[in-house]
Amino acid sequence: MSLPPLYALRAFEAAARFNSFSKAAALLNITPGAVSRHVRTLELWFECELFIRQGPRVEVSEAGRVLAGQLNESFNSIEWACRAFKSASHLLRLKAPSTLTIRWLLDVLKSFHENHGKFKVDIASVWMDIDNVDFMREPYDCAILLGNGYFGDSTESRLLFQEWLIPVCHPSMVESVRQKLVSGDLIHPSPDRRDWRRWLKRTGFSSGLDMSFGKVFDTLEQGCIAAINGHGVAISDLSLTAEALNSGLLALPFKEAVATGDGYYLVWPKNSCRYQSVERLLHWLSAHTPLLPSLEIAYLDSEKE
């Protein structure tokens, strides 16, 4: 079913509200004759009389009052939506994994807000270290995700920094772990235990270790806290653990950092109306990526030679 012209509905609603074609014309910056023609268009479309005409005077009909009341609510809703959208033009809604948020993003966004006046980023940190987003169903303008850079045909992405995996533990455990790494010592930051598998395969330490043992958590943050408290050896992202390593809360029992081939990307929908805002955020994040720790580390690529 086709709809009548929106401009005709707007003209009629104004005329009914003022009960005057001339006042509606002044509000809409058109002529009273144009308002009359718009009303006549709707009367033909609805096949009913919307105004009772008595010479130069007009009075909205009962049918017209019903329609005008419904249109008034609808136009108010449209106006509210437009105002809300405009007021949010300097606000970006960002989704990000919890570990990244705690260990890096909060400080970076604080400095971003201090340097960009009214422009704000509203961050939603999910409790797990997520690697996906559905912009059609979730209320976000952009997201920071861990992956290989491809997050669907309907998105664009830019790399912020690469993921480097390395084992970390409490300083008091370093020597014992170097002498013998056992399955029960392992702290897994995700239920699939893939991070330890990646590091062990690349470095050749996999012999004799059973991945079905160890402590399993949902995030890197939880795993690192467990390691700080001496509960085992966590596998962690080097960039996100740099501060704890530099401060001495954690230490490196092994010096090999393994590139997984994944990285943290800023992701947003293609043809986004917020692209200029996303680009501003992207430039800031790219200029403030976490620094690697100032320690002796052997960086190994993701493919074993």
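**Note on aromatic pairs and nonpolar cores**

1. Arg10 lies over the face of Phe75, 4.9 Å from the ring centre. A charge is taken to sit over a ring if NZ of Lys or CZ of Arg is within 6 Å of the ring centre and within 35 degrees of the ring normal. Arg280 lies over the face of Phe119 in this sense, at 4.7 Å from the ring centre.

2. The model is predicted: local features need pLDDT of at least 70, side-chain atom pairs count only at pLDDT 80 or more, and totals for chains, interfaces and linings use all residues. Residues are numbered from 1 along each chain as its sequence is written, and side-chain values use heavy atoms, with hydrogens and water left out.

3. Rings of Phe, Tyr and Trp (its six-membered ring) pair if their centres lie within 6.5 Å; planes under 30 degrees apart count as stacked, over 60 as edge-to-face and the rest as tilted. The count by this rule is 14 aromatic pairs. One of them joins Phe112 and Trp284: the ring centres are 6.0 Å apart and the planes stand at 70 degrees, so the pair is edge-to-face. Phe112 is in helix H5 (residues 98–115) and Trp284 in helix H10 (residues 275–287), 172 residues apart. Helices (H or I, at least four residues) and strands (E, at least two) are DSSP runs, numbered from the N terminus.

4. Phe112 is buried, with a relative accessible area of 0%, and Trp284 is buried at 16%. Buried means under 20% relative accessible area, exposed over 50%, and partly exposed in between (1.4 Å probe, protein chains only).

5. Phe161 and Tyr264 have ring centres 5.0 Å apart and planes at 35 degrees, so this pair is tilted. The pair links strand E6 (residues 155–168), which holds Phe161, to strand E10 (residues 256–269), which holds Tyr264, across 103 residues. Phe161 is buried at 7% relative accessibility, and Tyr264 is buried at 5%.

6. Trp196, Trp199, Phe205 and Phe254 form one aromatic cluster.

7. The largest nonpolar core has 26 residues, and those with the most contacts inside it are Leu94, Trp104, Ile144, Leu266, Leu281 and Leu285. Such a core is a set of buried Ala, Val, Leu, Ile, Met, Phe, Trp, Tyr and Cys residues joined through side-chain atoms within 4.5 Å. Strand E3 (91–97), H5, strand E5 (142–147), E6, E10 and H10 each give two or more residues to this core. H5 gives the most, with six residues.
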